[in-house]
Amino acid sequence: MRCKKGDELTIKSPAYDSFFKHYENFWECNWLFKAPRGSHVEIDFEDEFAIYSSASGICMHWLEIQNGDDFAKPGPRFCGNERPSAVLKSEGQETLMTFKTNFEVAHSEDKTRGFQVRVRAVSDDETEDTTT
């Protein structure tokens, strides 16, 4: 998705707003965001967050955020029931967001609700302290 400076998009995991309020197993969803030259991508977690992790905190399902030039390098992965509080800022113009549910679990709203994020293109002059 190409983002113009000032554009804001809301991205939700599949079935986030469904009646059952949980996502399915064995899904992979990818979103590629590209900001204009002189800008970067910011991602802010909103609302409820619940992506399945084991009792010991290992991400069995996850949302991964990868930066710019080399998408072969892994990025930070987010899971669990605590919504990340940091606003994530790309190092370059592009960010790849991947939601992966490659492990079968019993569904429950408190463990498999999913996520909602706000994505926007921001001029490099406007900076946040956190980089993905």
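Predicted model: local features only at pLDDT ≥ 70, side-chain atom pairs only at ≥ 80, totals over all residues.
Two strands are taken to pair if DSSP finds at least two bridges between them, and on that basis Ile-11 stands opposite Val-117 in strand E8.

**Strand E8 and its partners**

- Strand E8 spans residues 114–123, and nine of its ten residues are buried, so the strand is largely enclosed by the rest of the structure.
- Strands E1 and E8 pair in the antiparallel sense over five bridges, with Ile-11 standing opposite Val-117 in E8.
- Strand E3, which covers residues 39–50, also pairs with E8 in the antiparallel sense, here over nine bridges, and Ala-50 stands opposite Gly-114 in E8.

**Aromatic pairs**

- The count of aromatic pairs comes to five, and among them is the edge-to-face pair of Tyr-23 and Phe-99, with 5.0 Å from centre to centre and 90 degrees between the planes.
- Because Tyr-23 lies in the loop between strand E1 (8–12) and strand E2 (27–34), while Phe-99 belongs to strand E7 (residues 94–101), this pair ties together parts that are 76 residues apart in sequence.
- Tyr-23 is buried, with a relative accessible area of 0%, and Phe-99 is likewise buried at 0%.
- Ring pairs link Tyr-23, Trp-31, Phe-99 and Phe-115 into a cluster.

**Charges over rings**

- Arg-77 lies over the face of Trp-62, at 3.9 Å from the ring centre.
- The charged end of Arg-113 sits over the ring of Tyr-16, at 4.0 Å from the centre of that ring.

Terms used. Residues numbered from 1 in each chain as written. Heavy atoms only, no water. Phe/Tyr/Trp six-rings, centres within 6.5 Å; stacked < 30°, edge-to-face > 60°. Helix = DSSP H or I, 4+ residues; strand = E, 2+ residues; numbered from the N terminus. Buried < 20%, exposed > 50% of the residue type's maximum accessible area, 1.4 Å probe, protein only. Lys NZ or Arg CZ within 6 Å of the ring centre and 35° of its normal.
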